[in-house]
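Morning, everyone. I have a few minutes on one structure, so please bring it up on your screens.

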Amino acid sequence: GLNFIDLMVRQGNIDNPPKTPLVPGFECSGIVEALGDSVKGFEIGDRVMAFVNYNAWAEVVCTPVEFVYKIPDDMSFSEAAAFPMNFVTAYMMLFEVANLREGMSVLVHSAGGGVGQAVAQLCSTVPNVTVFGTASSFKHEAIKDSVTHLFDRNADYVQEVKRISTDGVDIVLDCLCGENTGKGLSLLRPLGTYILYGSSNMVTGETKSFFSFAKSWWQVEKVNPIKLYEENKVIAGFSLLNLLFKQNRGGLVKGVMDKLLNLYTNKKIKPVVDSLWALEEVKEAMQRIHDRGNIGKLILDVEKAPTPLVS
């Protein structure tokens, strides 16, 4: 699976970037080739998907058993590689952090991306949830059925949301950061929850620009706890990778995966795969995410030959 965090790793826009040489990637699917001595519950030949702390973009991947899950029979390998990061992130933000319930409203940015589409599908499993989404206008036709109200990502979405829902929304999921933090907080109803789970606005052009990075941070509204208290608002952050690999919550995530696979089996959710790319095409695949050209998930397929360039 190819995620926006991979672009941030490439540009060094993360805390403690790893030393090179490095194989990137945090999730994959495949077939079990070998087991550790004490591993129970899996056999060689099992179809599985897994979280990996780097090194996922490889032909052979090694990861602790607690991060590995069996793939349902009717799920393809590409769907499985598109599943763990996006759906676990979306589920935990909606249900573990924000306590989504019937009749609530959610604003999600990048509604056409992997997490955005997972959020929209999971919201549809709860009665009467209104989803506000922002996305590039060329994606609107493809995703309009998954989101209740869709706005152009360059439009003044704050005014658009308030026009439809005068008192704002219950949950804001922000993967953009920068000036959107203040906008998101301003849209929250009393007892509403704002969750920052990424900062894609930090990723700039081909190379990392310190000044654009700093500018983005300066645009983040400084949050005053007294104001949160007076306005009854909740502000939260969510990083699935830190939860798994730094805070040892693999067991909690496994419980979430069990619920998600149950939803998949009951045909309530289904990963949206945008496109498959050969490993040699990773630069072009990353550019597609950078340009926000994808609808759903990009997958690197180790068995795929590069597409010949057309003159």
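I will go through the domains, then the aromatic rings, then one proline.

A reminder before we start: this is a predicted model.

Domains first. The protein splits into two. Domain 1 takes residues 4-83 plus 248-300, and domain 2 takes 86-242. Their C-alpha centres lie 23 Å apart. Domain 1 puts 32 residues into the contact, and domain 2 puts in 33. About 2,700 Å² is buried between domain 1 and domain 2, and carbon and sulfur atoms give 62% of that area.

Now the rings. The model has seven aromatic pairs. Take phenylalanine 83 and tyrosine 264. Their centres are 6.3 Å apart with 80° between the planes, an edge-to-face pair.

Next pair: tyrosine 91 and phenylalanine 95. Both sit in helix α3, four residues apart, about one turn of the helix. Buried or partly exposed? Tyrosine 91 is at 11% relative accessible area, so it is buried. Phenylalanine 95 is at 22%, so it counts as partly exposed. The cut-off for buried is under 20%.

Two charges over rings as well. Arginine 47 lies over the face of phenylalanine 77, 4.7 Å from the ring centre. Lysine 70 has its charged end over the ring of phenylalanine 42, at 5.6 Å from the centre.

Last, proline 271. Where is it? Proline 271 is in the loop between α11 and β10. It is buried, with 7% relative accessible area. What does proline 271 touch, beyond residues up to four places away in sequence? Glu79, Ala82, Phe83, Phe87 and Tyr264. Glycine 114 is 157 residues from proline 271 in sequence, yet the C-alpha to C-alpha distance is 7.9 Å.

That's my tour. Questions, please.

Notes. Residues are numbered from 1 along each chain as its sequence is written. This is a predicted model: local features need pLDDT of at least 70, side-chain atom pairs count only at pLDDT 80 or more; totals for chains, interfaces and linings use all residues. Side-chain values use heavy atoms; hydrogens and water are left out. Rings of Phe, Tyr and Trp (its six-membered ring) pair if their centres lie within 6.5 Å; planes under 30 degrees apart count as stacked, over 60 as edge-to-face and the rest as tilted. Helices (H or I, at least four residues) and strands (E, at least two) are DSSP runs, numbered from the N terminus. Buried means under 20% relative accessible area, exposed over 50%, partly exposed in between (1.4 Å probe, protein chains only). A charge sits over a ring if NZ of Lys or CZ of Arg is within 6 Å of the ring centre and within 35 degrees of the ring normal. Contact means heavy atoms within 4.5 Å. Domain bounds come from an automatic or database domain assignment. Buried area is the accessible area (1.4 Å probe) that two parts lose on being put together, summed over both.
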